[in-house]
Amino acid sequence: MAPPDDATIIEWSVRDPEAFAVLYDRHAAALHRYAARRLGESAADDIVADTFLTAFRKRARYDPGAARDARPWLYGIAANLIGKHARSEIRMLRAYARTGADPVLTPRETAADDALDRVESAAAHRDLARALATLAKGDREVLLMIAWADLSYAEIAAALVIPVGTVRSRLNRARTRIRAALDGSNPATLDEVFL
Amino acid sequence: MMSKTDEIERTAAFRATVGSPSQARLAPGRERLLAAAVADQGRAGGARPARPRWRRPLLAGGLTAAASAGAAAALVLTNGPAAAPGQHATAGHSRTTVTAAWTVRQDVNGTVTIDIKKYVGPAGLQTALLEQTLRADGVNAIIRAVPITHGHTACMYAPANEAPLAVQQAVLPNDGVGVLQDDVWDIVVHPGAMPHGSAVFMPVYNFPPSKPGQSAFAGANSLVVLTNDTVPACVTHLPTPKPSGA
């Protein structure tokens, strides 16, 4: 028998609150990795815990007809929490672009990163970090949900409560800026606008 | 010029060495979630159990015992915005009561904020003190511990006398759910919105350490307004809720 889907778990949890832990076991690790890539693992600890507590409190209002997969809902809640750290995120991206030392990575992850023979891509990553720091908050959110959370356009639209067309236009803007940065035509003249 | 896909692929490769977290790293978040679930079970709605008569708690005896024990509760009562020694001064608070287990602040506008700290304290004493303090601040409060057996709730409170939703929302912002900040549950109550004769019911729970070195985890994050001060029954099984629309 197939395991119950997320929407079923959420419905159960309205009567049996501890059932919600199943949702945590399914999605917390991926959500943590996403948040850790954005803000570091320490901040990710809090974001994941708060995301699930918030989701738990709102579970009775979850619309099972809208989505059987709870990931868009959870990532949407997480996006709100991550958004409160936007300035920190930008500062860390800029620090990496400036110094080549990524404050988000743990020493172990940095060592793993260094072990990769990618002298060329290291420079590209610094450019990428600089470009990500210049993106508007909403544009960065869409790009990183596509690239890191593996969500579809429709799922991102559901997560951020925006039309799919807006997802496309935000992604297009983000791509344009990233492409320009990685091609060497630095678009990052708005460096100070978002800080 | 790279293709459009390249931007996403390059972004996907950025910080790719960030790995999945260990179970140990995820455990505290799961524990918090379960604690919230336990607290929520303590006020699971939809139930219609028999209504036991409310028995007045032995407040006087509890207070005497607390005072004589002295160790668990360092009770500080203040009036006016000035803070007592060892107490955090915050402008605009007309009254603050601090114990080792909880803090109650009554703002000048009448709003009462309860901070349930990490450890609720010896059974009965802290809840009796909290109950009395809230009543002094205009909140007719009923506080009961959620029995925990082998790390799970032994029963859950099922109020049969929940006040209507509009009252709940007026008295308890955020659906009566506390906000967990730095391991302290922060709960806000608007006593001025409580109808005459109503009471706020707060189940509190306290998990003992599950392994050596671990601290107890306690709290209360889910309150409910009752139409009267009948104490909800603590039941082992919730009755089947009525079908929606019935």
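**Notes on a two-chain predicted model**

1. A:D150 is exposed, its relative accessible area being 62%, and this residue is found in the loop between α8 and α9 (153–160) of chain A. Most residues other than glycine have a negative phi.

2. A second residue with this backbone feature is found in chain B. B:R15 also has a phi near 60°, again positive and again in a residue other than glycine, and B:R15 lies in the loop between α1 (4–13) and α2 (23–41) of chain B. Is B:R15 buried or exposed? With a relative accessible area of 3%, B:R15 is buried, whereas A:D150 is exposed at 62%.

3. If neighbours within four places in sequence are left aside, A:E155 is in contact with A:D69, A:R71, A:P72 and A:D150. The side chain of A:E155 also has a polar atom 2.9 Å from the backbone nitrogen of A:S152.

4. The contact between the two chains may be taken next. Chain A contributes 52 residues to the contact and chain B contributes 40 residues, and the two chains bury about 4,200 Å² between them, with 60% of that area on carbon and sulfur atoms. On the side of chain A, the residues that lose the most area to chain B are A:R15, A:E18 and A:Y24, which together account for 15% of what that side buries.

5. The helices that give two or more residues to the side of chain A touching chain B are α2 (20–39), α3 (41–57), α5 (86–99), α6 (107–115), α7 (119–134), α8 (137–148) and α10 (164–183) of chain A. The largest share of that side, eleven residues, comes from α2(A), and by class the side holds 30 nonpolar, four polar and 18 charged residues.

6. B:R25 forms a salt bridge with A:D45, in which the closest N and O atoms are 2.7 Å apart. B:A37, for its part, lies in helix α2 of chain B and counts as buried at 1% relative accessibility. When residues up to four places away in sequence are not counted, B:A37 touches A:P17, A:E18 and A:F56, and A:E18 is also among the residues of chain A that lose the most area to chain B.

7. Over all chains, a search of the whole structure finds 16 salt bridges. One of these joins A:E89 to A:R38, with the closest N and O atoms 2.8 Å apart. Since A:E89 lies in helix α5 of chain A and A:R38 in helix α2 of chain A, this pair ties together parts that are 51 residues apart in sequence. Both A:E89 and A:R38 are buried, the relative accessible area of A:E89 being 2%.

8. Which residue of helix α8 of chain A is paired with A:E89? The residue is A:R140, and the pair links parts of the chain 51 residues apart, A:E89 being in helix α5 of chain A. The side chains of A:R140 and A:E89 meet in a salt bridge at 3.3 Å, N to O. A:R140 is itself buried, with a relative accessible area of 1%. The salt bridges form a network that links A:R38, A:E89, A:R140 and A:E141.

9. Helix α8 of chain A also takes part in a further pair. A:R173 forms a salt bridge with A:D139, the closest N and O atoms lying 2.9 Å apart, and because A:R173 is in helix α10 of chain A and A:D139 in helix α8 of chain A, parts that are 34 residues apart in sequence are tied together.

Methods: Residues are numbered from 1 along each chain as its sequence is written. Chains are lettered from A and ligands numbered from 1 in the order in which they are written. This is a predicted model: local features need pLDDT of at least 70, side-chain atom pairs count only at pLDDT 80 or more; totals for chains, interfaces and linings use all residues. Side-chain values use heavy atoms; hydrogens and water are left out. Contact means heavy atoms within 4.5 Å. Buried area is the accessible area (1.4 Å probe) that two parts lose on being put together, summed over both. A salt bridge is a side-chain nitrogen of Lys or Arg within 4 Å of a carboxyl oxygen of Asp or Glu. Helices (H or I, at least four residues) and strands (E, at least two) are DSSP runs, numbered from the N terminus. Ala, Val, Leu, Ile, Met, Phe, Trp, Tyr, Cys and Pro count as nonpolar, Asp, Glu, Lys and Arg as charged, and the others, Gly among them, as polar. Buried means under 20% relative accessible area, exposed over 50%, partly exposed in between (1.4 Å probe, protein chains only). A polar contact is a pair of N or O atoms within 3.5 Å; within protein, one must be able to donate a hydrogen and the other to accept it, and residues adjacent in sequence count only if both atoms are side-chain atoms.
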